[in-house]
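Here is a walk through one protein model. Keep the sequence and the coordinates side by side as you read.

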Amino acid sequence: MSHCIQIIVAPAEFADSIRLRWSRLASLRRESGFGLFPVDYELIDEKIAPIMTPRATSNQFMLLTPAFEQYLGELSIGGRLAYLETEYWGGTGGQGAVACKNGNLLMKPQWGASGTINRALELIGVPRPQVGDRFSAIGLEVIRSNDDLLDLIRL
């Protein structure tokens, strides 16, 4: 079983601002009060290429280039957001995250086997449920890919 996502997560009250500033992003508002935005190379290149040249990713991130990290900071002005990536197959792999608030990094990009995403989600205000973790609180355990998320958006 695999889990491979590249998404931006933001509190619902800030998600509307993200939609206005990046209108091509698809989004899903979760009952938990957070918006999820799947991203891919094309969307990112479309946003940052006119401003800056994308550079190679670092660590294990697939899409998080220094230019995209800078754009996420700019996108966070007025609120909080986290960018999350997972890359698991058959129980092995990892996850990465970065969190921003008002143009500043709350958490520098980190990649690890586990816990990284939950730290970023905590920093943007995702409450920990009595059962489970912050990852499951916003429904990410059932969203195994960006295509899964896009399917939920289309419903």
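Both Trp22 and Tyr71 are buried. Keep in mind that this is a predicted model. The two residues form an aromatic pair with 5.4 Å centre to centre and 90° between the planes, an edge-to-face arrangement. The pair joins distant parts of the chain. Trp22 sits in the loop between H1 and S2, Tyr71 sits in helix H3, and 49 residues separate them.

The structure holds four aromatic pairs. Another of them brings Trp22 together with Phe68. Here the ring centres are 6.5 Å apart and the planes stand at 75°. Planes over 60 degrees apart count as edge-to-face, so this pair is edge-to-face. It too links distant parts of the chain: Trp22 lies in the loop between H1 and strand S2 (28-29), and Phe68 lies in helix H3, 46 residues apart. Like Trp22, Phe68 is buried. Now put the rings together. Trp22, Phe68, Tyr71 and Tyr83 form one aromatic cluster.

Next, the packing around these rings. In soluble globular proteins, nonpolar side chains tend to be buried together. The largest nonpolar core in this model has 24 residues. Which of its residues touch the most other members? They are Ile8, Trp22, Phe68 and Tyr83. Strand S1 (2-11), helix H1 (12-21), H2, H3, strand S4 (80-89) and strand S5 (92-101) each supply at least two residues. The largest share, five residues, comes from H3.

Now turn to one contributor, helix H2. This helix covers residues 41-48, and Leu43, Ile44 and Ile48 are buried in it. Why do they line one face? Seen down the axis of H2, the buried residues fall within an arc of 110°, so they line one face of the helix. Strand S3 (34-38) and helix H3 (66-75) are among the elements that cover these buried residues.

Finish at the start of H2. Asp40 caps the N-terminal end of this helix. A side-chain oxygen of Asp40 lies 3.2 Å from the backbone nitrogen of Glu42.

Definitions and conventions:
Residues numbered from 1 in each chain as written. Predicted model: local features only at pLDDT ≥ 70, side-chain atom pairs only at ≥ 80, totals over all residues. Heavy atoms only, no water. Buried < 20%, exposed > 50% of the residue type's maximum accessible area, 1.4 Å probe, protein only. Helix = DSSP H or I, 4+ residues; strand = E, 2+ residues; numbered from the N terminus. Arc of directions from axis to C-beta. Contact = heavy atoms within 4.5 Å. Polar contact = N/O pair within 3.5 Å; in protein donor to acceptor, adjacent residues only side chain to side chain. Core = buried A, V, L, I, M, F, W, Y, C linked by side-chain atoms within 4.5 Å. Phe/Tyr/Trp six-rings, centres within 6.5 Å; stacked < 30°, edge-to-face > 60°.
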